[in-house]
Amino acid sequence: MGKGGSVWTVAGRFGVWLLSATLFATPVLGQVEVTAGAAQIRISGQIGIQAETTTCNGFPPSLDSACERQEPSIDLFMRRARILFDAKLNDWLEFRIQPDFRDIDGVVLRDAWGRMVFDPAARLTIGHMKRPFAGFFFSPSTYYRTVERRPVIPGVRAAPFNDLVRFDVTLWDTGVMLDGRTHDGRFGYWVGAFNGRSLSDATDLNTEKQFIGRGEVTFEVGGMPLDFAGAVALTDVPFERQSGAIDGTYFTLFELWTELGAYTDPGLHIQAGLVLGENPTQNVVGDAPDFEAKEDLANLYQFQVIGSWKVPVEGVKWVEGFEPVLRIYRGDPNVDVDDDAGWGLSPGGQLFFRDRTKLVLSWDFALFDAEELRTENSFKAHFQVHF
């Protein structure tokens, strides 16, 4: 069965939804556009089927292994099965809905928001949306050049390869965001308030929220766009006092981001991001923090750079191009504790069949600073159909 249930059952359900949604619609530039009165609805979607291996396939794990559980040697599962509805009701009002059908027994809602566009420099979005923090996570999934946003070894839960920028906060969250870009495209900004750490991504656990601000400046170098961005996230950590009352405190993360080139352009494309700040899961000695006693939190950092070179292919009907990719990763969940950091290395590539319909290959290697831990790895192949 694999993760997300039967591939064919999920794909069949997705196909039924897609057929009903696109009835009487007209294809436009590889997508589907529906006009109903003054409203325009554009429909797109993606199906991602993934196969992966892991060195965490033995039981029990060896003493020199970071594996915490046994995983299948080879797994095949539905990674995504999404349909995206973008609607423009008039010149200033629009909305988006994006359900994900990959779970066999339910639907997960990704985007569900409404937006008022006062000007390209001032757009107010309310609803369930992606948080504007960490460029590798903020980017659309259909453009990813590596299969996962960070090195992922199924079965390994070691701290340097945990998602150090999320801490149980979903990529999508319910909130309010103001964003925009100057008319010349040189400067963009995002300012938002979200539920933050919560029991689910739809309801909050206490009254505190997550606040995120992001700014970006764009230049042109050698005919390629060059972006520099910075962001800060102030996130609530709920905890229970000895009296039983629910309280909260905040931790802070900062991000520095740069990008040279673009996903859709041929040639060089480099992205690099650094996230640093407080780790709400540890105090400075590596233990679980006592929030009521206001213990100092550990400091962390996570660095990642991805470089690629997209090469168009002419004269071949079934392929548009290929792109070799290399990722280098470094994560340290607590800079005051020795031997808890690690490196990640991910060689791979993409083979484009049409636009974003492609095959993505990544081989993730996890190398630990702790000398007693061996290297673990996972090879992944992700086939994405997009329209």
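Predicted model: local features only at pLDDT ≥ 70, side-chain atom pairs only at ≥ 80, totals over all residues.

Q: How many residues are in the largest nonpolar core, and which have the most contacts inside it?
A: That core has 38 residues, and F133, F137, V156, L253 and F368 have the most contacts inside it.

Q: Which elements give two or more residues to it?
A: Among them are α2 (135-138), β8 (172-181), β12 and β17 (357-368). The biggest giver is β11, with five residues.

Q: And what does F137 touch, leaving out residues up to four places away in sequence?
A: Its partners include K130, Y144, R149, D163 and Q302.

Q: OK, F251 next. Where does it lie, and is it buried or exposed?
A: F251 is in strand β12, residues 246-260. It's buried, since its relative accessible area is 2%, and the cut-off for buried is under 20%.

Q: Switching to cysteines: how many disulfides does a search of the whole structure find?
A: One. C56 pairs with C67, and the sulfur atoms sit 1.9 Å apart. The link is left-handed, with -80° about the S-S bond.

Q: Where are those two, and how many residues apart?
A: C56 and C67 are each in the loop between β3 (39-53) and β4 (74-88), eleven residues apart.

Q: Are they buried or exposed?
A: C56 is buried at 1% relative accessible area, and C67 counts as buried at 9%.

Terms used: Residues numbered from 1 in each chain as written. Heavy atoms only, no water. Helix = DSSP H or I, 4+ residues; strand = E, 2+ residues; numbered from the N terminus. Buried < 20%, exposed > 50% of the residue type's maximum accessible area, 1.4 Å probe, protein only. Core = buried A, V, L, I, M, F, W, Y, C linked by side-chain atoms within 4.5 Å. Contact = heavy atoms within 4.5 Å. Disulfide = S-S within 2.5 Å.
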